[in-house]
Every structure is written in structure tokens, then in C-alpha cells.
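Welcome! Take a moment to turn the model around, and then let us walk through it together.

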Amino acid sequence: MPGQSDAMRIRSGGEMRGLLDSYQFYLWIKALHVIAIIAWMAGMLYLPRLFVYHCETAPGSAESERFKTMERRLLRAIVNPAMIAVWVLGLTLSFLPATDAWHHGWFHVKFLLVIAMSGVHGMFASWVKLFARDANTRPARFYRIWNEVPTALMIAIVILAVVKPF
């Protein structure tokens, strides 16, 4: 209200309630972001493991067809929606005044690593399509190595987000 002192507004609850509401919004977005990250990472760690096992099956076999179904469902039902949620919620968090993220060097590096993780996601999606066409020519060892990439990216991202080293 015009003419009302800050102390009176806070005592009346208006400004304080607004601060608490915005902090609660921040906490809810952050919680949902963490849940989405867990779902995305679960899929990103499991999908290349499926590729490793899929390599050991004969193309066109019942077992190969089962892996195709598992890979497609994992990608479409969990990995893709989780990545979208991570991006939407993460960007929402980054623009909230409570985070002030864009002004910190650690955030810029983290952001680049999340872009790299999204690129790995895109490669995994293309490999799901490759296996679906029975066109994979890579050995299981190739996918074992790629299975470690999301882990390395995740470790770096978490350290940057939690420790904020610079």
C-alpha cells in the first residue's frame, strides 16, 4: 500500500508471504529438477548397457526383438521425457533471482556439460534406431566405453552444481 512502511507490510504478511511463496516455488522446481535428473541418468546409464547385451544376440532373433522393444520403450517413455523435464526445469531455475546462475563461471561450464550430455543422448537415440534396423556394426566393447561417458559427465556436473568451485 502507498505510504505503508516496509515493517508494516512485512508485519501484515504481504511481502513476507510473497517471499515465502517464491522460495517455495524455487524449492518445488529444484526438487522436480533433481527427480528428472535421476530419471534421465538412470536411462542414460542403462541404455548403453542394453546395447552391449543386444550386440551379443543374432539380428532378427526373438532376443534381439526383445532388446529393440526395451531400448525403444526406455528411450521414449523415460529418457526423452526426463531430458525435456531437466531442460525446462533447469532453465526455469537458472532464470530465477534466487539462483543468479548466469553470473557464475561454474554455471557456464555446467551448462556446456549438460549440452554435451544432451549430445550423448542424441547419439544414443540414433543407436536405438540403428539397432531397430538390425544395422549395428559396432562391437559390444564400443558400447561398454560409451557407457562410461554419461557417468563422467554426471560427476563433473554434480561437482560444479554442488561445490561451485569458481
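**The chain as a whole**

In the protein chain, 75% of the contacts (heavy atoms within 4.5 Å) between residues at least 6 apart in sequence join residues at least 24 apart. This is a predicted model, where local features need pLDDT of at least 70 and side-chain atom pairs count only at pLDDT 80 or more, while totals for chains, interfaces and linings use all residues. Residues are numbered from 1 along each chain as its sequence is written, and side-chain values use heavy atoms, leaving out hydrogens and water.

The protein chain has six helices and zero strands; helices here are DSSP runs of H or I with at least four residues, strands are E runs with at least two, and both are numbered from the N terminus. Of the 166 residues, 33% are buried, that is, under 20% relative accessible area with a 1.4 Å probe, counting protein chains only, whereas exposed means over 50% and partly exposed lies in between.

Find Ala140 in helix α5 (residues 140-146). Ala140 counts as buried because its relative accessibility is 13%. Leaving aside residues up to four places away in sequence, Ala140 touches Val52 and Cys55. Its C-alpha atom is 9.1 Å from that of Arg49, 91 residues away along the chain.

Now move on to helix α6. Which of its residues are buried? They are Pro150, Leu153, Ile157 and Leu160. Seen down the axis of α6, the buried residues fall within an arc of 100° (taken from the directions from the helix axis to the C-beta atoms), so they line one face of the helix. Val162 and Val163 are exposed on the face of α6 turned away from that buried side. Just after α6, Lys164 takes a positive phi of about 50°.
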